[in-house]
Amino acid sequence: MGGFNPRQFQEMLEQAQKQAQDLQQKMQQTVVEASSGGGSVTVKMNGQKQVLVTRIDPEVVKSGDVEMIQDLVTAAVNAANQKVDEAMQSTVGGMLGGLGIPGI
């Protein structure tokens, strides 16, 4: 086993900080889109899980079924949330793999 190398540790720390900044930028640039009800409701969300756009088909509104519309909006938001999680997981996994930490 090798001894503690402060220089190597500092380099790893600097690389981790840069990758954290890169991740923040990636989260801001990532935009996903998800829909529900066969496209009746569509949501666009960024990597920080902020809803950017919500579109509801006017035909769905004409039905007057408020509960159904609420369910469709909820489903679309949840689907977009899942897509963000997947996108960020693959991004973070790739970044951590570059650090050379065993087991990651």
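**View 1. The buried residues of helix α1 in this predicted model.** Gln-19, Leu-23 and Met-27 are buried in α1. An α-helix has 3.6 residues a turn, so residues three or four places apart point the same way. The helix itself has 24 residues and reaches 35 Å from its first C-alpha to its last, close to the 34 Å expected at 1.5 Å a residue.

**View 2. Thr-30, in the loop between α1 and β1.** A polar atom of the Thr-30 side chain lies 2.7 Å from the backbone oxygen of Lys-26. Which residues is Thr-30 in contact with, leaving aside its neighbours within four places in sequence? They are Met-45, Asn-46, Gly-47, Ala-87 and Met-88.

**View 3. A nonpolar patch on the surface.** Phe-4, Phe-9 and Leu-13 form this patch, and together they have about 340 Å² of accessible area. Phe-4 sits in the segment before α1, the helix that spans residues 6-29. Is Phe-4 buried or exposed? With 66% relative accessibility, Phe-4 counts as exposed.

**View 4. Stepping back to the whole protein.** Three helices and three strands make up the secondary structure, and along the sequence they follow the pattern α-β-β-β-α-α. Of the 104 residues in the protein, 23% are buried. The protein exposes about 7,100 Å², with carbon and sulfur atoms supplying 52% of that area. Among contacts between residues at least 6 apart in sequence, 49% join residues at least 24 apart.

Notes:
Residues numbered from 1 in each chain as written. Predicted model: local features only at pLDDT ≥ 70, side-chain atom pairs only at ≥ 80, totals over all residues. Heavy atoms only, no water. Patch = residues over 30% accessible without salt bridge, like charges linked within 9 Å, V, L, I, M, F, W, Y side chains within 5 Å. Areas by Shrake-Rupley, 256 points an atom, 1.4 Å probe, with all protein chains shown as cover. Salt bridge = Lys/Arg side-chain N within 4 Å of Asp/Glu carboxyl O. Helix = DSSP H or I, 4+ residues; strand = E, 2+ residues; numbered from the N terminus. Buried < 20%, exposed > 50% of the residue type's maximum accessible area, 1.4 Å probe, protein only. Polar contact = N/O pair within 3.5 Å; in protein donor to acceptor, adjacent residues only side chain to side chain. Contact = heavy atoms within 4.5 Å. Expected span 1.5 Å × (residues − 1).
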